[in-house]
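Biologist: I'd like to learn how to read strands and helices in a model. Can you walk me through it?

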Amino acid sequence: MSKIKIPIASPIIGDEEIEEVVKVLKSGFIAQGPKVNEFEKEFAKFVHAEYGVATSSGTTALHVALLSCGIGEGDEVITTPFSFAATGNSILYTGAKPVFVDIDPDTFNIDPDNIEKAITDKTKAIMPVQLYGQAAEMDKISKIAKKHELFIIEDAAQAHGAIYKDKKVGSLGDMACFSFYPTKNMTTSEGGMITTNNKELAEKAKMIRAHGESKRYEHAILGYNFRMTDIAAAIGLVQLRKLDKFNDKRIANAKYLTEQLKSVEGITTPKQLNNAKHVYHQYTIKVTHGNRDEWVKLLNEHGIGTGIHYPIPIYKQKLYMELGYDDKLENTENAADTVISLPVHPNLTEKDLQSIVNVLKEISQKFSI
């Protein structure tokens, strides 16, 4: 197999990030401190939320947000099975039960029309995933949540800078959770962030992420060590200033790919909602000719990196099957069998983009014969 020449992801770390990290290291204040506080304020401002709570990862952000909303043993949280395992696992951490509903086959996000019939007297929250960088249909979800008095916790791990009807992802629910893993649209190396407009929820989240401390050495509730470091926050502050530029390049790359691929037989290009800004953490197509794994094999042989996000619905993971899950959701399983994520990151050149298109057209012809 040829060496991958066009990777699926390519984190961009410049001299500015390095310089800020060195400053933190020289300051001697390398754990959670003033840089974390600054990053929380700046990121909250960016997503038009009142409060930010930095955490050690996107997963711990989800865990803390759920606990802050009082989610626990015996509760149910409605979410999508077409996501990374952290979405469901974070619910399990609290003792609650993830309840999976099917997705919209065009956007891959949770289908609001499936939510209401899954609500029971145990349901406490809805956790929509803003998948691949695009918001779910939040107006419909908000209406359902309000009717049934449910929390909305956005899993916005992939949607930094995304917009839904003039509102930033991160300000659309009671709480929202972002990841800063290296492959995301911006990074802190590892890290997460909770955003909210609710002061009480923010204060509780800050306690939970730091051993339940209400003040130094006074532990009012059970908490964890889920803190971010000033080293990570220093990277995040620089990356946040670059985020719009990164996203603009992703959007331009996605536009090019869609224009070139929309008429290629056997390929369905991503759908973007009206009145929404998709920031393309992933550019994910569906293939309908031949076997998806054959497409991946041929792309890789031509040096083009790919990703499958996601090949196994959460409810089909071994852990969940052992817990008794036996769901079979048609749109989710079809997506799991047919999606391929292509490179869309800001480091792509025009030559890279044309190479991706040429190879896909060649594979399409092979499977159309």
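Predicted model: local features only at pLDDT ≥ 70, side-chain atom pairs only at ≥ 80, totals over all residues.

Biologist: How many bridges join strand β14 to β15?

Modeller: In general, strands of a sheet pair through backbone hydrogen bonds, either parallel or antiparallel. Here β14 (residues 283-287) and β15 are joined by 4 bridges and run antiparallel. Along the pair, Lys286 sits opposite Val339 of β15, and Ile285 sits opposite Ile340 of β15.

Biologist: Which strands form the open sheet, and in what order?

Modeller: There are 3 strands, ordered β12-β14-β15, with antiparallel pairing. At the edges you find β12 (267-268) and β15, each pairing on one side only. Helix α8 (residues 292-301) packs on this sheet and touches β12, β14 and β15. The direction of α8 makes about 20 degrees with that of β15.

Biologist: What about the two faces of β15: are they covered or open?

Modeller: In a regular strand the side chains alternate between the two faces of the sheet. For β15 (residues 339-342), both faces are covered. Val339 and Ser341 are buried on one side, and Ile340 and Leu342 are buried on the other.

Biologist: Now helices. At what angle do α3 and α4 pack?

Modeller: Helix α3 (residues 58-68) and helix α4 (residues 86-93) pack at about 40 degrees, with axes 9 Å apart. That angle makes α3 oblique to α4, and their crossing is right-handed. On the α3 side, Thr59, Leu62, His63 and Leu66 make the contact; α4 brings Ala86, Thr87, Ser90, Ile91 and Tyr93. Sorted by type, these contact residues are 5 nonpolar, 4 polar and no charged.

Note on methods:
Residues numbered from 1 in each chain as written. Heavy atoms only, no water. Axes fitted to C-alpha atoms, helices over the stretch in contact; angles between N-to-C directions. Parallel < 35°, antiparallel > 145°, perpendicular 65-115°, else oblique. Left-handed = near helix turned anticlockwise from the far one by under 90°. Contact = heavy atoms within 4.5 Å. Nonpolar A, V, L, I, M, F, W, Y, C, P; charged D, E, K, R; others polar. Buried < 20%, exposed > 50% of the residue type's maximum accessible area, 1.4 Å probe, protein only. Pairing = 2+ DSSP bridges.
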